[in-house]
Structure formats: C-alpha cells, structure tokens
Amino acid sequence: MFAANKQLDTARKVLDQAVVGRGTVAPDIRSRITLDAANLSLYDKPPGGYTRGLELLDNDTLKYDPKGALHILRACANGQRYRHLESDLNDAGKANIRQLVLDDLKRGLSVNPENQKW
C-alpha cells in the first residue's frame, strides 16, 4: 500500500520490520512478506537491490511459492545481477546466471501461466 502510493521509505521501514519476524509466521504470510520486500528491493540501485532480493528469495523461502511469483522475482533479481556484472563475468559465469534465470522463469510459469503478464 505504501509503495503503491510512492511512500517508499515508509514501505521499506514496515517491510524491514516484517522481514525480521517472517520466520515465525505461516508459510503463506512469509511468502507475501518476501514478495513485497523483494519486489521493493529490486527498485534500488545495483548491486544493493538485487543482492537484497536474492537474500530474501533463498531456496528455503521458495519452497512455498504456490503462485510462482517468488521464482519470477528471483529471475528478475538474477537478471539485474547479470546486467550489473556482465562486463566482469566470463562466459561460464554468464551462462550460469542465465540458467538460473531460465530455471526460475520456467518454474514460475509452470506453476501459474498468468505470470506471463509480468
């Protein structure tokens, strides 16, 4: 709600507090907190934004992703990482990140084809 109203600082403060407690809530609530916090982080300048997003979107968190949206966000974070590091990566490093992006996109789209709208 705060982010949608361009109150990004307030959104960050609220989400930072929610992220601290996300390990103590039900998986669906944890998923929603992560979605909001990771999505907001991707608007920050690299490398901070995608780094924070990838920290939030770890494999344990993505075990519960009934709508596939967390996988799509992680693909976006890795896409930002790729663009930011592209000139410093060798071919194997580039291929590795591209594969991570593709794997997450496939997962997110297979769970919910509506994610194509993103």
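Q: Where does Thr 61 lie in the chain?
A: This is a predicted model, in which local features need pLDDT of at least 70 and side-chain atom pairs count only at pLDDT 80 or more, while totals for chains, interfaces and linings use all residues. Residues are numbered from 1 along each chain as its sequence is written, and side-chain values use heavy atoms, with hydrogens and water left out. Helices (H or I, at least four residues) and strands (E, at least two) are DSSP runs, numbered from the N terminus. As for Thr 61, its place is the loop between H3 and helix H4 (69-85).

Q: Is Thr 61 buried or exposed?
A: Relative accessible area decides it: under 20% is buried, over 50% is exposed and in between is partly exposed (1.4 Å probe, protein chains only). Thr 61 has a relative accessible area of 3%, so it counts as buried.

Q: Which residues does Thr 61 contact, leaving aside neighbours within four places in sequence?
A: Contact here means heavy atoms within 4.5 Å. With those neighbours left out, the partners of Thr 61 are Arg 22, Arg 30, Thr 34, Leu 56 and Leu 70.

Q: Are H2 and H3 roughly parallel or antiparallel to each other?
A: Axes are lines fitted to C-alpha atoms, for helices over the stretch in contact, and angles run from 0 to 180 degrees between N-to-C directions. Under 35 degrees counts as roughly parallel, over 145 as roughly antiparallel, 65 to 115 as roughly perpendicular and the rest as oblique. Helix H2 (residues 27-41) and helix H3 (residues 48-56) pack at about 165°, with axes 8 Å apart. That is why the two are roughly antiparallel.

Q: What handedness does the crossing of H2 and H3 have?
A: If the near helix is turned anticlockwise from the far one by less than a right angle, a crossing is left-handed, and if clockwise, right-handed. The way H2 passes H3 is left-handed.

Q: How many nonpolar, polar and charged residues make the contact of H2 with H3?
A: H2 brings Thr 34, Ala 37, Ala 38 and Ser 41, while H3 brings Gly 49, Arg 52, Gly 53 and Leu 56. For the classes, Ala, Val, Leu, Ile, Met, Phe, Trp, Tyr, Cys and Pro are nonpolar, Asp, Glu, Lys and Arg are charged, and the others, Gly among them, are polar. The contact of H2 with H3 then splits into three nonpolar, four polar and one charged.

Q: Is H2 roughly parallel or antiparallel to H4?
A: The axes of H2 and H4 come within 10 Å and cross at roughly 25°. H2 and H4 are therefore roughly parallel.

Q: How does the contact of H2 with H4 divide into nonpolar, polar and charged residues?
A: On the H2 side you'll find Ser 31, Thr 34, Leu 35, Ala 38 and Asn 39, meeting Ala 69, Leu 70 and Leu 73 of H4. By class, the residues of this contact come out as five nonpolar, three polar and no charged.

Q: What is omega at the cis peptide bond joining Pro 46 and Pro 47?
A: You can find Pro 47 in the loop between H2 and H3. The bond joining Pro 46 to Pro 47 is cis, with omega about 5°.

Q: Which residue forms a salt bridge with Arg 12?
A: Side chains of opposite charge can pair when their charged atoms come close. A salt bridge needs a side-chain nitrogen of Lys or Arg within 4 Å of a carboxyl oxygen of Asp or Glu, and the structure holds six of them. In this one, the closest N and O atoms are 2.3 Å apart, and the partner of Arg 12 is Asp 44.

Q: How far apart are the closest N and O atoms of Lys 117 and Glu 114?
A: Lys 117 is exposed at 69% relative accessible area, whereas Glu 114 is partly exposed at 47%. They form a salt bridge, and the closest N and O atoms are separated by 2.7 Å.

Q: Which residues does Val 111 contact, leaving aside neighbours within four places in sequence?
A: Val 111 is found in helix H5 (residues 91-111) and, at 28% relative accessibility, counts as partly exposed. Apart from those neighbours, Val 111 touches Asp 65, Pro 66, Lys 67 and Gly 68.

Q: What is the phi of Lys 6?
A: Lys 6 lies in the segment before H1 and is exposed, at 74% relative accessible area. Although Lys 6 is not a glycine, its phi is positive, at about 60°.
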